[in-house]
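Thanks for sending this one over. Here are my notes on the aromatic contacts, with the model itself first.

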Amino acid sequence: MNKLGKSQRVTQLKQIRLCIELGIECTDGNQANRPDTPDIINRLGETENARIMTGVSSLTVPQVQRALEKLEDATKNLLPRRDIVHLMNDSAEKNVTHWQGAAKNLRAAQECLNDNHHIVAVESGPSISVEDCNLREAQECHNHNLHISAVESSPSMSVEDRNLQEALKLIKDDLVGVIGIWGPGGVGKTHLLNNIKNSLDGNTTFNYVVQVTISRGCSVEKIQTDIAQQLNLDEFRKDSDVQFRCRIIYDFLKKRSFLILVDDLWDQIDLQAVGIPYPLGIENQLRRKVVLTTRSRKVCGQMEVRKNIKVVCLQEDEAWQLFKEKVGHETFSYNPRIEDLGKELVKEMKGLPLALVTIGKTMYAKTDTAKWEYAIEYMKQSWYVKDDPLDMERVVFRQVKFSFDSLRNNILRKCFLTCALWPEDQKIPREMLARCWIGLGLVDEPEIKSSYITAYNLMGELSAACLLE
């Protein structure tokens, strides 16, 4: 029986068809046939994104199931294709940097020392000496005019705690307006930003603490809408132009202390066009601060960041402790061999927190040594070039895909893939997601109440696998 019924709204039918068409076109083997970002935005702008799932009701079950199968096949090749293009585009710049590096390091070090800059060695791998770290940081100080600092901490303090204490210290600094948190995908930047917000709950330093997620291709209008919702601006209208929205936000914030937390910034964005009052820092006894996260140090420079924190991967002992916590003591105590395999698996994950948590939960209660050996071999294929964010991003994809492949059946996998029908970083209401699965026939129970219970149980399984939050 077709549970979807027939839609009476042609617009909604066009919305879901457009999203499926875009998904298929973006995975075309010929790059020339793929739509570019402006084209995608323009095509999506012709429909109403906020009601995309309402249009699901106008499709038949077989049509949507075929579309889901195409999406599932597309995920296998989409990211590697993109990475190849990015790596080809970046190769020339990397070669130039490699040959010019030694001379610039020495010259930058001398200039920074002459200017009395304070250079602090960063955490590095065993193959990099302290002198090399100092020279590298000196070069970055010279090229980006950024002052690198580190929090004084005890050796027992974890990397996560050190980063949080350093961020809070910089937020208190009256001379600092914009703080940058940067590092590869999956290393814990968003987690750090959430910890900052939680640490400031109940703090009277700021009248308002606002957190927005930018993501790739995000518009000024979208950021303005997110900020206005959190500030409860009643006079803010979605149909107004950018300048009107800018004035509303500016007038509200100009006489207040505020902290804007910007997550996942990919490109430079004009904060003043959004409505953020300048100058940032301290102005007329008001604190105006922005903390942003990005994968690119270059974006930090474009956003005029003068204090930044590099989030690095965990050291081996911290990585092992985190992994053990997620796998569970009972799993390791079942067979001593499993602990040895676990340590080998942790080494292959290179200290990435996201991978350690995701794979750790996937391996929970796995007592078959063959499954551990398979996981190790799978992770060994996830090699990457050190300090290359594009390679690191591909590693994160493969490690998350391991959890996807380890789901117990295809129903769970298809349920997970339906989340691609919503825009990136958009929060999906549980009830709406449940209705989607029920409508698509992925959840098929005799009564509506039992269908919702089953849907919520499936969400729990996906959350346990770290595929849903």
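1. Tyr 378 is buried, at a relative accessible area of 9%, whereas Tyr 374 is exposed at 51%. Here buried stands for under 20% relative accessible area, exposed for over 50% and partly exposed for in between, with a 1.4 Å probe and protein chains only. This is a predicted model, in which local features need pLDDT of at least 70 and side-chain atom pairs count only at pLDDT 80 or more, while totals for chains, interfaces and linings use all residues. Residues are numbered from 1 along each chain as its sequence is written, and side-chain values use heavy atoms, leaving out hydrogens and water.

2. The structure holds ten aromatic pairs. In one of them, the rings of Trp 320 and Phe 332 have centres 5.3 Å apart and planes at 55 degrees, so the pair is tilted. It links distant parts of the chain, with Trp 320 in helix α11 (residues 316-327) and Phe 332 in helix α12 (residues 329-334), twelve residues apart. Both Trp 320 and Phe 332 are buried.

3. The rings of Tyr 374 and Tyr 378 also pair, with centres 6.2 Å apart and planes at 45 degrees, so this pair is tilted. Rings of Phe, Tyr and Trp (its six-membered ring) pair if their centres lie within 6.5 Å; planes under 30 degrees apart are stacked, over 60 edge-to-face, the rest tilted. Both tyrosines, Tyr 374 and Tyr 378, lie in helix α15 (residues 369-380), four residues apart, about one turn of the helix. Helices (H or I, at least four residues) are DSSP runs, numbered from the N terminus.

4. Trp 320, Phe 323, Phe 332 and Trp 372 form one aromatic cluster.

Definitions and conventions. Helices (H or I, at least four residues) and strands (E, at least two) are DSSP runs, numbered from the N terminus.
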